[in-house]
Amino acid sequence: MDPALLKAGLFVSGLGIFHYCWLDWGFEWARTWWLWAIAAAAGVPFYLHGRSEGYSAGADWFASSRTTYVRLYELVRIDIETSAEDSEPWLVLTDGYGGSARAPLHRIQRTRALWDLVYNGIAHSVHRGPGAATTRALDVLKLR
């Protein structure tokens, strides 16, 4: 889950509570249970949006969504891409079974345990397996 979205949800809920205090000139509103429910519900969309974009990894796989995953120790292509409108590098992985996964590089690197699993699979595929990495990927991932 993205911590920024969690903070945004808490901020919106806090604004709701502040608004209730301002309108009521105090904390009398706190006795009404449904006002608490409205204040808490304001943060729920942020929580749900944060959970929708999750990345996960196991001992030998990496998933960029619920339906797309790659086998990390059987990668055949490793690439780093950037789009014209965004300079953020994206990691693009393809395995020998047709699976592919794309993710912003900084989001994977943000979680140390996740990055360790992904990087070990990439390094193995490049140095010992069938993996072919682009020159840019070798440089950015420091695989030379």
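Ground rule for sheets: I count two strands as paired if DSSP finds at least two bridges between them. Helices (H or I, at least four residues) and strands (E, at least two) are DSSP runs, numbered from the N terminus. I have to keep in mind that this is a predicted model, where local features need pLDDT of at least 70 and side-chain atom pairs count only at pLDDT 80 or more, while totals for chains, interfaces and linings use all residues. Residues are numbered from 1 along each chain as its sequence is written, and side-chain values use heavy atoms, with hydrogens and water left out.

**Entry 1: the four-stranded sheet**

I traced an open sheet of 4 strands in the order β6-β5-β4-β7, with mixed pairing. Its edge strands are β6 and β7, each of which pairs on one side only.

I then went through the pairs. Strand β4 (residues 75-81) is joined to strand β5 (residues 90-95) by 6 bridges, and the two run antiparallel. I looked up two partners here: L75 faces D95 in β5, and E81 is opposite W90 in β5.

Next I followed β5 to strand β6 (residues 100-104), where 5 bridges hold an antiparallel pairing. L93 has A101 as its bridge partner in β6, and T94 stands opposite S100. The hairpin of β5 and β6 has 4 residues between the strands, and in it G98 takes a positive phi near 90°.

Which sense does the pairing of β4 with β7 take, parallel or antiparallel? I found it parallel, with 2 bridges between β4 and strand β7 (residues 132-133). R77 is the residue that stands opposite A132 in β7.

**Entry 2: the three-stranded sheet**

I noted another open sheet, made of 3 strands in the order β1-β2-β3 with antiparallel pairing. The edge strands are β1 (56-57) and β3 (69-71), and each pairs on one side only. Between β1 and strand β2 (residues 61-63) I have 2 bridges, again antiparallel. A57 has F62 as its bridge partner in β2.

**Entry 3: rings**

My rule for rings: those of Phe, Tyr and Trp (its six-membered ring) pair if their centres lie within 6.5 Å; planes under 30 degrees apart count as stacked, over 60 as edge-to-face and the rest as tilted. By that rule I get 3 aromatic pairs. One of them is F18 with W22, a tilted pair at 6.3 Å centre to centre with 35° between the planes. F18 and W22 are 4 residues apart in helix α1 (residues 3-24), so about one helical turn separates them. I jotted down the background too: an α-helix has 3.6 residues a turn, so residues three or four places apart point the same way.

Are F18 and W22 buried or exposed? Both are exposed; my cut-offs are under 20% relative accessible area for buried, over 50% for exposed, and partly exposed in between (1.4 Å probe, protein chains only).

Y55 and F62 make a stacked pair, 6.4 Å centre to centre and 15° between the planes. F62 counts as buried because its relative accessible area is 1%.

I also checked for a charge over a ring (NZ of Lys or CZ of Arg within 6 Å of the ring centre and within 35 degrees of the ring normal). The charged end of R71 sits over the ring of Y97, 4.1 Å from its centre.

**Entry 4: a helix**

I picked helix α5 (residues 112-127), with 16 residues. From first C-alpha to last it reaches 22 Å, close to the 22 Å expected at 1.5 Å a residue (that is 1.5 Å times one less than its number of residues). Its buried residues are L114, W115, V118, G121, I122, A123, S125 and V126.

**Entry 5: the whole chain**

I listed 6 helices and 7 strands, in the pattern α-α-α-β-β-β-β-β-β-α-α-β-α along the sequence. Buried residues account for 31% of the 144 in the chain. The C-alpha atoms fill a box of roughly 70 × 30 × 25 Å along the principal axes.
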